[in-house]
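Subject: Structure for your review

Dear colleague,

Please find the structure below, together with its sequence.

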Amino acid sequence: MNRERSLVRAVVVACALLVALSAVCGALPDKKDKTVGRLLFGKVLDPQDNPLPDAVVYVTNTRTRAVKTYIVGPDGAYRFPALSTGVDYEVYAQYNARKSDTKSVSQFDDRSQVYLNLKIAAK
């Protein structure tokens, strides 16, 4: 009888340890999750905060110098999903031969979503 109790107790303790270990492993961040990417989004605006439809937004990967572009719609909005979190990016917009200031998105910025408005001054 004592032997059966000891065996049951050992099984219960082993199950409890297994459940606790599973919970700890599930709570730890997975490195793969960090590489899923970040969302860069915002609007291209004039100095009076009006959207500039058909402006072109350029995002440059500073490591590879690869450039992605986005032509904004009527609301001036742009979005670049799934950018690498381990790379710095530079972003700017152009509209009718005018250019916004260039802004940076750092790899050390841990936000998963980065919102940047790009303003283009009138001539």
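The notes below cover the overall fold and then the aromatic rings.

This is a predicted model, in which local features need pLDDT of at least 70, side-chain atom pairs count only at pLDDT 80 or more, and totals for chains, interfaces and linings use all residues. Residues are numbered from 1 along each chain as its sequence is written, and side-chain values use heavy atoms, with hydrogens and water left out.

The chain contains 2 helices and 9 strands (DSSP runs numbered from the N terminus: helices are H or I of at least four residues, strands E of at least two). Of its 123 residues, 28% are buried (under 20% relative accessible area with a 1.4 Å probe, protein chains only; exposed is over 50%, and partly exposed lies in between).

The whole structure holds 4 aromatic pairs (rings of Phe, Tyr and Trp, the last by its six-membered ring, with centres within 6.5 Å; planes under 30 degrees apart are stacked, over 60 edge-to-face, the rest tilted). In one of them, the ring centres of Phe 41 and Tyr 115 are 5.0 Å apart and the planes stand at 70°, so this pair is edge-to-face. Phe 41 belongs to strand β1 and Tyr 115 to strand β8, so the pair ties together parts 74 residues apart in sequence. Both are partly exposed, Phe 41 at 24% and Tyr 115 at 41%.

Ring pairs also join Tyr 70, Tyr 78 and Phe 80 into a cluster.

Yours sincerely
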